[in-house]
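Colleague: Hi! I have this model open and could use a hand finding my way around. Could you walk me through it?

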Amino acid sequence: MEPDTSRSGGFLAAGAIRRAPFLVFIFLLSILPAISVFGGVRRFTFLYEANTSARGSLELENWVTWQRATGSDRFDQVDFRHELEYGVTDKFQVSIYLADWFYESDPEHSGFVYSDSAIELIYNLTNPVVDPIGLSIYGELRAGDRLIELESKLIAQKNFGPLILAYNATLEAVWEGSDLAEREGEFSQALGASYELSPRISVGIELLHEFVFPEWRDEEAIRNLFVGPNVSYRHRNWFVTVTALAQATDTDSEPDFQVRTIFGVGL
Amino acid sequence: MRTLAIFAIAGVCLVDLSSCGTTSFAPPPVTPELARTGKGKHGGIAMLREGRALFVHRCIECHTLPAVSSHSAQQWPRLIDEMAGRASLKPAEREAVLAYILAVRTQ
């Protein structure tokens, strides 16, 4: 799901990145000749769509998210994610986040940081074209040197000809810090609309609404709202989707705007 | 609170739209009548059902679902051949999708 935007992942040297993700990567490369088709296009970058990848398909997705805050907590951060997505059946897909890492720059320090790796499972319940509403359930476990996160999500989608509407409701539980003593909960909901101008190009809008609960309390009443446009282009076995979101609330510690690009290619 | 209201209204609209839209954009279901179309030359009912299931699942991976009438019966085989790889369609699955589309077109 979302790369960590809390800016609190563990600082590690590049060489300390865990071996496990790379072993998985090598294993997946070794079975590439047997599975060589496209997983599916994403029309949104801050939302998931209900349909899952075709059985046997494998896709590499690279995410880049640039966030900028200009208030008292001024910072720039660029998040990276490298994800392999595999269709186990037509209704069940597994993704492995080989690495989530980021570069940050603020008045106190700057540098590259490895955050975590993760596994993500999505099960499709109903189809967004033929059923009244397309639904999928989502589960994710992220683990890093100083981060453990559990996330569950309900994904809803409906296709009306060239128009796609999607809604995600997400609940996250995060443990972080050197001894994982800091706890945080978050509920977020996201709404998106995408219109297909041609089989290759879609344009749309995304809206993200977050409720943050530090230590699972709501004393600070942290609410963040982001909204902005997106555009998606696909050709042959690859696609690229870009979303630019601006913060509509006034939370200093959150970015004023963020731009996310996902580039996917069928392997 | 206002944001919650926006989401609630959007959710209601989504449900409302979905109930109206289902019949407008979904390809027709497979019925015994459809299976009899063309005197069975487009495959049996099981094959047509598989073809429809694949059509509504695999094609929307890359683009929204085209109307079956948007291409001629002569154009469809070539189009499906072109996209079979991206849609991960095996030869039998490709035949099932084509059988369903041609049966609907013939109806």
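Colleague: What percentage of the 107 residues in chain B do buried residues make up?

Modeller: Buried residues make up 34% of chain B. Keep in mind that this is a predicted model.

Colleague: Okay, and how many helices and strands does chain B have?

Modeller: There are five helices and zero strands in chain B. Going along the sequence, the pattern reads α-α-α-α-α. As for contacts in chain B with a separation of 6 or more, 72% of them involve residues 24 or more positions apart.

Colleague: Let's take H3(B). How many of its residues are buried?

Modeller: In H3(B), 10 of the 14 residues are buried, so this helix is largely enclosed by the rest of the structure. Among the buried ones are B:Met47, B:Leu48, B:Leu54, B:Phe55 and B:Val56. B:Glu50, B:Arg52, B:His57 and B:Arg58 are buried there too.

Colleague: And what do those buried residues pack against?

Modeller: They pack against H2 and H5 of chain B.

Colleague: What span should H3(B) have at 1.5 Å a residue?

Modeller: Its 14 residues should span 20 Å, and the end C-alpha atoms of H3(B) are 20 Å apart, which agrees.

Colleague: Then on to H5(B). Where is that helix, and how far does it reach?

Modeller: H5(B) covers residues 91-106 of chain B, 16 residues in total. From first C-alpha to last it reaches 22 Å, close to the 22 Å expected. Its buried residues include B:Glu93, B:Leu98, B:Tyr100, B:Ile101 and B:Val104. The buried residues of H5(B) pack against helices H2, H3 and H4 of chain B.

Colleague: At what angle do H3(B) and H5(B) cross?

Modeller: Their axes cross at roughly 95 degrees and come within 7 Å. H3(B) and H5(B) are therefore roughly perpendicular to each other. On the H3(B) side the contact includes B:Met47, B:Gly51 and B:Phe55, and on the H5(B) side it includes B:Ala96, B:Tyr100 and B:Ala103. By class, that contact has 10 nonpolar, one polar and three charged residues.

Colleague: Switching to chain A: how many strands are in the closed barrel?

Modeller: The closed barrel has 12 strands, running from E1 through to E12 in order, with antiparallel pairing. Neighbouring strands of this sheet are turned by 20 degrees against each other on average, direction ignored.

Colleague: What holds paired strands together, in general?

Modeller: Strands of a sheet pair through backbone hydrogen bonds, either parallel or antiparallel.

Colleague: Which side chains of E5(A) are buried?

Modeller: Side chains alternate along E5(A), which is residues 134-144. A:Gly134, A:Ser136, A:Tyr138, A:Glu140, A:Arg142 and A:Gly144 point to one face and are buried.

Colleague: What about E7(A) and E8(A), how many bridges join them?

Modeller: E7(A) and E8(A) run antiparallel and are joined by 14 bridges. A:Glu176 stands opposite A:Glu182 in E8(A).

Colleague: I was looking at A:Leu191. Is that residue buried or exposed?

Modeller: A:Leu191 counts as buried, with 23 C-beta neighbours inside 10 Å. This leucine lies in E8(A). A:Gln189 is also found in E8 of chain A, and A:Gln189 counts as buried with 20 C-beta neighbours inside 10 Å.

Colleague: One last topic: what is phi of A:Leu180 near?

Modeller: It is near 55 degrees, a positive value in a residue other than glycine. Most residues other than glycine have a negative phi. A:Leu180 sits in the loop between E7 and E8 of chain A and is exposed, with 12 other C-beta atoms within 10 Å.

Colleague: And where is A:Ala221?

Modeller: A:Ala221 is in the loop between E9 and E10 of chain A. Its phi is near 45 degrees, again positive. A:Ala221 is exposed, with 8 other C-beta atoms within 10 Å.

Methods. Residues numbered from 1 in each chain as written. Chains lettered and ligands numbered in written order. Predicted model: local features only at pLDDT ≥ 70, side-chain atom pairs only at ≥ 80, totals over all residues. Helix = DSSP H or I, 4+ residues; strand = E, 2+ residues; numbered from the N terminus. Expected span 1.5 Å × (residues − 1). Contact = placed C-beta atoms within 7 Å. Axes fitted to C-alpha atoms, helices over the stretch in contact; angles between N-to-C directions. Parallel < 35°, antiparallel > 145°, perpendicular 65-115°, else oblique. Nonpolar A, V, L, I, M, F, W, Y, C, P; charged D, E, K, R; others polar. Pairing = 2+ DSSP bridges.
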